[in-house]
Amino acid sequence: MRPTRGPVEPGSTVDPRHLSTVSGERITLPDPDRLVHLQFRRFAGCPVCNLHLRTVVRRHEEIEAAGVREVVLFHSPAEELAPHVEALPFAVTADPDRRLYVEFGVERSSRALLDPRVWGPIVWAVLSGTWNVVRGRERLPVTRPHGGRLGLPGDFLVAPDGRVLAAKYGEHAYDQWSVDELLKLAAGAPRSDREPT
């Protein structure tokens, strides 16, 4: 990525690179044919991350039809992450050294969990997550997740030519684009930047 002062902003350019997914697939960022929604999540099994990703899974076909490829990063090692994401229909990448987190300016902060706006989603995430664990649909996170629990989310919409079209830095653990916000941003991208393959 070209050096920027502070966080990555719309208009920044992402240098081409290859990422390895937890499933062993090799993907290109940026995707030469589609927009990429690059999501920075927290740790493997994070209840609030799972709560959000369930909405992305439910609407994944809609997202793909809009010409968007989902790429989700976690700051957990691949072996810790794999059992939590094996059923997800999109690319998931482990970044335990937080290289991309640092490059994109996605931070850690105590406000991730202390901001009152996240308390309701945390309660709902724990309740629904517990029910999914009981039914065998999700797994509990490890007691001491790699990289800690204080990560903040980040969302970036990247065009095929590497331009960052939009960026959001979460102010707390459940502060990310909704699927509706993502689809609106994708619809506003120039037509050549959102043609599905």
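Reader: What should I know about the model before we start?
Author: This is a predicted model, in which local features need pLDDT of at least 70 and side-chain atom pairs count only at pLDDT 80 or more, while totals for chains, interfaces and linings use all residues. Residues are numbered from 1 along each chain as its sequence is written, and side-chain values use heavy atoms, with hydrogens and water left out.

Reader: How many helices and strands does the chain have?
Author: The chain has seven helices and seven strands. Both are DSSP runs numbered from the N terminus: helices are H or I with at least four residues, and strands are E with at least two.

Reader: In what order do the elements run from the N terminus?
Author: The order is β-β-β-α-α-β-α-β-α-α-α-β-β-α.

Reader: What share of the chain is buried?
Author: Of the 197 residues in the chain, 48% are buried. Buried means under 20% relative accessible area, exposed means over 50%, and partly exposed lies in between, with a 1.4 Å probe and protein chains only.

Reader: New topic: how many aromatic pairs are there?
Author: The count comes to five aromatic pairs. Rings of Phe, Tyr and Trp (its six-membered ring) pair if their centres lie within 6.5 Å; planes under 30 degrees apart count as stacked, over 60 as edge-to-face and the rest as tilted. One of the pairs is Phe 40 with Phe 104, which is tilted, at 5.3 Å centre to centre and 45 degrees between the planes.

Reader: Which parts does that pair tie together?
Author: Phe 40 belongs to strand β3 (residues 35-40) and Phe 104 to helix α4 (residues 99-104), so the pair ties together parts that are 64 residues apart in sequence.

Reader: Is Phe 104 buried or exposed?
Author: Phe 104 is buried, at 0% relative accessibility. Phe 40 is buried as well, with a relative accessible area of 0%.

Reader: Why is the pair of Phe 156 and Tyr 169 edge-to-face?
Author: The ring centres of Phe 156 and Tyr 169 are 5.4 Å apart and their planes are at 85 degrees, so the pair is edge-to-face. Phe 156 lies in strand β6 (residues 154-158) and Tyr 169 in strand β7 (residues 164-169), so this pair ties together parts 13 residues apart in sequence. Phe 156 is buried, with a relative accessible area of 0%, whereas Tyr 169 is partly exposed, at 25%.

Reader: Which residues form the aromatic cluster?
Author: Phe 40, Tyr 101, Phe 104, Phe 156 and Tyr 169 form one aromatic cluster.
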